[in-house]
Amino acid sequence: MRKIKQWTAMGLATVMAMSLSACAGSKGGTSETTSAAETSKAAETTSAAASNTTSGEPVELKFSWWGGDSRHAATEEAIKAFTAKYPNIKVTPEYGAWTGWEEKQSLNILGGNAADVMQINWNWIDSYGQGGKSFANLEDYSDVLDLKQFSPESLELCKLDKKLMAVPISLTGRLFYWNKSAFDEVGVAIPTDLDSLNKAGEAFKAKDPDMYPLAVGEYDRMILMVYYLESKYGKNWVDEGQISYTEEEVKDGMDFITGLEQKHVIPTLATISGDMADSLDKNAKWIDGKYAGIFEWDSSASKFKKALEGSVNKPNQEFVLGDFIKMGNNNGGFTKISMAYAVSSSSKHPKEAAMLIDFLLNDEEGVKLVSTERGIPCSTEGLKILQDNKLGDPLTIEANTKVMGYSKFTLDSKFEHNDLKANPDGVYYKVFGKLSAGEIDSKQAASDLIKGVTDTLEN
Amino acid sequence: MKSKGINKFLSDNAGFFFVLPWLIGFILFKVYPFASSLYYSFTNYDLFSGVTKTGFMNYNKIFTDSDIRRAFMVTFKYAIIDVPVKLTFALFIAYILNFKLKGVNFFRTAYYIPSILGGSIAIAILWRAVFNTDGLINTVIGAFGAEKINWMASANGALTVIILLRVWQFGSAMVIFLAALKGVSEDLYEAASIDGAGKWTQFFKITVPLITPVIFYNLITQLCQAFQEFNGPFLVTKGGPNGATTLISILIYNNAFLRHKMGMASAQAWILFLIVMTFTAVAFVSQKKWVYYSDEDGR
């Protein structure tokens, strides 16, 4: 009797454990089936697309984006204006914060449930494009979406299998921003070259060992190292699907990052982790001026500025855009498409979806309402409307103009691949984490980084 | 005649028909995904590109990649420390709350609240506020002139933070212990007191042996949950610093939903399953030695 009871209990425990461990498989099985269905559905809708017209019949669109509150509010206003202009079109918004957004949207794309109009990251074209099957070819809708407003180069970057998968919303690049009040408090000038950056490190340490002139996380370190390498060696990070740098050169980049830590220019990653903040803009040490500098996208800098302005402990801190720090004979840094609009290939109304995109990027009313919520527009007409009406955040405009005029290196679309960028097991996180913790030296870090990036490029 | 046969069939198999809806759901949503995940674990199944390769490559990578091995080791360490600490603490509090104290119901409810809150964003924010370098703990120890602790500067410090989060949520184990303690007859304690047994002796010689089935139940459930813990490290430490709190569940999540590499995620889930299964089996085999079932022959 006891044996039977024990075996029954053992069996139940097995079933329980099966129930707990089966979720990965469940997703896999279901998604494979829906993937096939999605593909055939996509083919049907794409061929039917050209025949759709805006005949005045009721049309329902879904429009998805991620962002902060101000972007949500501006976009909802723009949707209202669009539906007022085209009363037969109803637009349902779907928006949220970035956390978890990519996971959700990628599964929606795969399952054929994606919104008609999607705000996407540039690398999604490559990662989720399925060879051109996931998104509609927007060249088919050039009668309602004015593609002449975009430079051929920027459109070329959004093509997959010679089909235009998306239109770029804005271009962005990284710049140095500083908390001028903190520099004034320490009594040191804002850095313009490596020497002054190192001197700032010394001065900050002397003032308060918890203060640093610059703070950079794992991914920021990768971008900063590439900026350094491009400045010094004058080569793109990746050219024609291969890393352009030798192991010795990458080791030099790793030594540069380690040197910044040693000279008290940047805190170690353990120090930043110890702050236990979600992100740098939410870090109390940034808000209260202990971290006095960032190397950030022009399109994201405003949230750092707002965080400083909201400081209770240190009110009235001044946030300024800095010069590019000279690290060699070349102008380092790259620009990239920060985000784009795409139309799902499963959309039943791709033409109306394209009309919505045109309204947001090229129409005077739409551009005015959305302003610089998604960065400085790539659209010539969009930019002109903003300039003529003196609209948009002056800091974003200044920064974007500056970085577009300075950084000329190109970015490989796999630079932001999740095999590299994911936290905590992406290559960038692992390599820079181990380097900062002293688990590996710069030579090993260079070798690991090159191997990780090469694997991603080859796969 | 025919309807009589149908009726007999239905009546003979009534039990089966009652469980049929559950059975269908179980096969569709548990057995099939479970079996298919085993198959996928031997493939390079990617949600966007499908299966292009089969073999042992995922398992090879798991056993040769030092970062994945480390995640398994961290998970193992986490579960092995967390479960005994949590159970001991839950039993201790349940023991205290079993006394006839004034306002005991309030305390029972209060201690259960952290378990209801679970691993939410709000709790992550709270935990960060407690453990960050300028947080509550450092403020308190700073008042006594002690040095600030950067919990995230060392692997053990970071692991302690997420272990404490789970230990803090001891309420559900505590309630089960409390129910078991209520089932221990007062007569036994009275008899032991008359024989001169003190409180400690009574606890270890009467209470603990009589609630071993419940300790066993809590051990199994907590072990399964600890090995699959995700929310705490994902929300509070993000697996850092430098992989010190990267539990295997985070790697499974990233592979499955960020990279869509279901083959690798399935292989990692299967290794995790085998580990949980082994521990469960060991616990079941070992119960002969230490679990007391009063309804049978004393064991």
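How many residues of helix α14 of chain B are buried? The first view takes this up, and every view comes from a predicted model.

**View 1. Helix α14 (residues 248-258) of chain B is largely enclosed by the rest of the structure, because ten of its eleven residues are buried.** Buried means that 20 or more other C-beta atoms, placed from the backbone, lie within 10 Å of a residue's own. Among the buried residues of α14(B) are I248(B), Y253(B), N254(B), N255(B) and F257(B). Look just past α14(B) for H260(B), with its positive phi of about 60 degrees.

**View 2. Helices α19 (residues 427-437) and α20 (residues 442-458) of chain A have axes that come within 10 Å and cross at roughly 175 degrees.** α19(A) is therefore roughly antiparallel to α20(A) (an angle over 145 degrees). On the α19(A) side, the contact (C-beta atoms within 7 Å) is made by V427(A), V431(A), K434(A) and L435(A). From α20(A) come S442(A), A445(A), D448(A), L449(A), G452(A) and V453(A). By class, six residues in this contact are nonpolar, two polar and two charged; Gly counts as polar here.

**View 3. Residues 158-181 and 202-220 of chain B are among the spans listed as "transmembrane region" in an unreviewed UniProt entry.** Such annotations may be inferred rather than shown by experiment. The end C-alpha atoms of residues 158-181 of chain B lie 34 Å apart, and the span is 92% helix. For residues 202-220 of chain B, the end C-alpha atoms lie 26 Å apart, with 95% helix and 0% strand. Helices here are DSSP runs (H or I) of at least four residues, and strands (E) of at least two.

**Notes.** Residues are numbered from 1 along each chain as its sequence is written, and chains are lettered from A in the order in which they are written. Local features need pLDDT of at least 70, and side-chain atom pairs count only at pLDDT 80 or more.

Key: Axes are lines fitted to C-alpha atoms, for helices over the stretch in contact, and angles run from 0 to 180 degrees between N-to-C directions. Angles under 35 degrees count as roughly parallel, over 145 as roughly antiparallel, 65 to 115 as roughly perpendicular and the rest as oblique. Two residues are in contact if their C-beta atoms, placed from the backbone, lie within 7 Å. A residue is buried if 20 or more other C-beta atoms lie within 10 Å of its own, exposed if 12 or fewer, and partly exposed in between; C-beta atoms are placed from the backbone.
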